[in-house]
Structure formats: structure tokens, C-alpha cells
Amino acid sequence: MSPSPTSVPAGHAYTVVMRSLVLVGHGSHLNPESAAAVYRYAELLRSRGLFDEVVEGYWKEEPSLRQVLRTCRYTDVTIIPMFISEGYFTETVIPREMGLGHQGPVPREGVARTLGGRTVRYTLPYGVHPAMTDVILERAREVLPDADGEDTALIIIGHGTTRNENSNKIVHQNAALLRERGVFSEVHALFLDEEPKVTGWREKVRASRVVMVPFFASEGWHTLETIPEDLGLEGTVTVFPGPEDGQDAPGLEQTVYYGKPVGTHPAVADVIVQLAEEARGASVTGGDRAQDHRAAWDALTALADQGLRMGEILIRPQGGLYELRHALDEGRSSETLVTLVTPEGLRDHTRLTEAGEHRPVHTLRNLRRGWRAVMNASDLQRAVHLLYPAVVEEGYACHTHALRSTPWPTTARRQTGIYAKVQKATPEQVEHVAQDVCGGCLKTRVWAGHRLPQTFFSGVPGAIPCAEACTFLVAEIREEVAGKRGQSGGHSH
């Protein structure tokens, strides 16, 4: 494959430290698998050591788009939208929520800004990079290695939407490029939610062998259920018989080879590196350690060295290492607890409640019990960050009287699309929903005017600030305004 990190010139910036890479995904309030692809690529890029740190941020999980820059260790930050195409999220939601001062199509070289002492570069989504054409071809060859231009058609399946015409543009472009290569006898761009629909593929395709590749960012509901069910696919290979004598049915017998989504291919990590390299204003020297971030974590480490309770967790020094466990497991024998030894293992173990429910808001009082994590000093920061994203940074800012809160009216005015409806919420509705949703959260709503004179930095374990209404609360308020809150299946999280 052509995209490769080895193509980075010797001595280029990506061999230098002091650089933060942020991968931004959509996330979900309901589905724990939604963030999996972003986690996987972050781990892969971390292992390559091309950036000093790789941070994940989400629209509907934590750290949120509003928080993630505060969690970056360095002043040189590159943001990659982990989306398959340009559209509403990459052109409107992400730039708005991250305060980039940009709306609309992103230039090919990206957007560069200085925010809070950090140099921030924002790129196009990885899915529109020219190297993705090769990734589609790789996915097709995986499922049918002997594809040829005589009897094999390729269908690139896009989602499609009427909200933004750019969302289907890249699918058509890749289809045209692969058509020119002549690897397949036919190449079609078909969609789930707009014309031409993928459900009508048999009326368009004449080849006897058909490779279908979903142009989706991750494995999920559409790729695992919607597409197979709508098309009658029975697995990786499905034979569709031709008409029997006297039957009015589509033409010849056709065999469909259903590939994996392009967004889960390992080569996407190479595409991300290329995007970062090509970003507008890319630095060859890197940044510095962000002073506010350093101060917060130095203070946290000093407390951990003495033993600290923070929210629902205990952190204790232990023979040159640190042990983390649920505060309600204090005193339990280590032999009775599941031992975790990596930050990622701790993240995966605590992403669900004991009942198996997704935890998009990490400070809700539903952290599962029965585990202990043993971390060295270098892993402690990431472990705490994964348990409580942005809590250390925002808690320290509150502790030092430097935290800026965002009142509800400001948050509401910023909402667009389906969430613009929250602008109609009355103060009584907002408070009613907040008491219900936020009542189970450790955080104090400073955005609603609640005071927090002390924090866990001053020895009050549950004193954690909430600087702005989270997207989970925004979604619940939208449901309240729409009159759907509490109805089965009424949530659109």
C-alpha cells in the first residue's frame, strides 16, 4: 500500500517530541462500541511513537470536544476528525465546539489557530484523503483476492444524507478513480439513505461476481445489521440465484462478497500520519509543555504520593508503583479483586457498569467495583485520565480560581441541527432535567451558579466542578422539549 509512515522525510517534525495528536470521534450515549475504532487507532499510533501523545476526544463521550484541548500535554496540537467524509460534524459541530472560529468547508491544508496558548491545527477528515482509494481496494482484495476486470463489479456503499451534499461526494470520487484503474468491470457508488440506493443493486450490476465494500468509519449497526438485512446477505459470501424458467426475476446468478468497512483497516493509521504531516502550519520544532497542564498533574501526583481519594477512586503509593481501586473496595484483599496493569485495560474494564450498561459520563456514580489497577508513574496520568477525563485539569483550574464556566443560555444558543430545539427549553425544564440527570453525578454544576469553594485538591473527594452542561444533559433536555423524555425508544443519543 502506498500510505506509509516511512514516507515521512528523515529529520521531519514527526520524529520530534512535544507534540499532541487529537483524534476526534462521534461517540455515543448508548453504544459502547462507537468509540472503539478511535481507541484502536490511538493505541496503534501511540505504539509507533511518532507523536509524544495521542489523545481521544468525542462529541457524545468524554473527554468532550469542549474539554479535550485542556487535556493536551503540549502546546503543539493537531486535530484529525475521525470521520469518513466531510459534512455537518466536520464542518459545523467540531469547529464550533472546539472554538476554532471556522464554519463550513475546510481547506485542503486545514485550519490553523492559536487557542489558549496552544497552536492548534484542524485537518480534513481522514476519509477524504487520496490514499483512502487504496484502502478501498485493499478491502476488496481481502474478500476476493482474484478480482479482475472481466467479471467482477465493485460497489462502494456510502451512508448518504440530505443534510450535506459533501457526505456523498467522496464516495463518488473514489468510485470514479477506481473505475479508471480498470481493476473491476464495473464500479458503482450506492447509498443507504439517498439515491442511487444500494437496495436496487441487482438492477444496475451485470457482473456475476460483486464485491461490496462499506465506506464507513467503523463496524456498527449499519455494517453488521442494516446492510446485510436490507440486501439479504448471509455472511461474507452470498449467492443470489438467477431466474428459473418462467420466473420474472433479476438476470443472471450473482455472488456477492461482502467486505469489512474501510475505516477499520490498519492502513488508516498511515493516512492519519499523512494528514498531520500535510496540516497547515505544521511545525518542525514541536511545542512546549503546557504550563497549566503540568501544574495540574504535578499537584495530582504529589497528592497521590501521600494517598488520595478522588471521586469514587482511591489512589495509593505501593512500592514505587500506584494502586487504584474503587473507594468502596478499601480494605478488601487484593486476591479478591481483578488486577489490571495497563491504562487501556483499566479503561475497557470500567467503560460499563456492573449491570453491563455503557458509561458515556464517567463521573456518574456507577463506577463498577471489584478491581484494582497497578500503574507505574508514567502510566498513572493516563489511567486517571481514562477513569475521569478532564477532571484533573478542570478540578485544578477550579482549585486555583482559573476555571471559566459556560452558563446554560450560552450552551443552548450554540446548538444547531436537531439540538437547536433546546433553545426553547424554559429554565424550569432545564432545572427539572438537570436535577434528574445530574443528581447521580459527582460533579457540581458551577455552570448553573452552584458554588464549589473546595475541590478534591483540597481534600474533598467528591468536589468536582462541571464547567458546562454535557452533551448527555443537552440530549435529555432536547427530549424534554420534544415531549419524548422517558418514552421507550424516544432517545436519540
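1. The partners are helix 8 (residues 343–350) and helix 9 (residues 377–387), with axes that come within 9 Å and cross at roughly 15°. Helix 8 is therefore roughly parallel to helix 9 (angles under 35 degrees). Pro343, Glu344, Leu346, Arg347 and Thr350 of helix 8 make the contact with Asp379, Arg382, Ala383, Leu386 and Leu387 of helix 9 (contact: heavy atoms within 4.5 Å).

2. On provenance: the model is predicted, local features need pLDDT of at least 70, side-chain atom pairs count only at pLDDT 80 or more, and totals for chains, interfaces and linings use all residues. Numbering runs from 1 along each chain as its sequence is written, and side-chain values use heavy atoms, without hydrogens and water.

3. Helix 3 (residues 132–143) has 12 residues and should span 16 Å at 1.5 Å a residue; its end C-alpha atoms are 17 Å apart, which agrees. Nine of the 12 residues are buried, so helix 3 is largely enclosed by the rest of the structure (buried: under 20% relative accessible area, 1.4 Å probe, protein chains only). Among them are Ile136, Leu137 and Ala140.

4. The largest nonpolar core holds 93 residues, and Leu23 and Leu154 have the most contacts inside it (buried Ala, Val, Leu, Ile, Met, Phe, Trp, Tyr and Cys joined through side-chain atoms within 4.5 Å). Helix 6 (residues 268–278) gives the largest share of this core, seven residues. A second, separate core of 27 residues includes Leu300, Leu308, Leu324 and Phe457.

5. Leu154 touches residues including Ile136, Ala140, Leu178 and Phe184, not counting residues up to four places away in sequence. Ile136 and Ala140 are buried residues of helix 3.

Key: Helices (H or I, at least four residues) and strands (E, at least two) are DSSP runs, numbered from the N terminus. The expected span of a helix is 1.5 Å times one less than its number of residues. Buried means under 20% relative accessible area, exposed over 50%, partly exposed in between (1.4 Å probe, protein chains only). Axes are lines fitted to C-alpha atoms, for helices over the stretch in contact, and angles run from 0 to 180 degrees between N-to-C directions. Angles under 35 degrees count as roughly parallel, over 145 as roughly antiparallel, 65 to 115 as roughly perpendicular and the rest as oblique.
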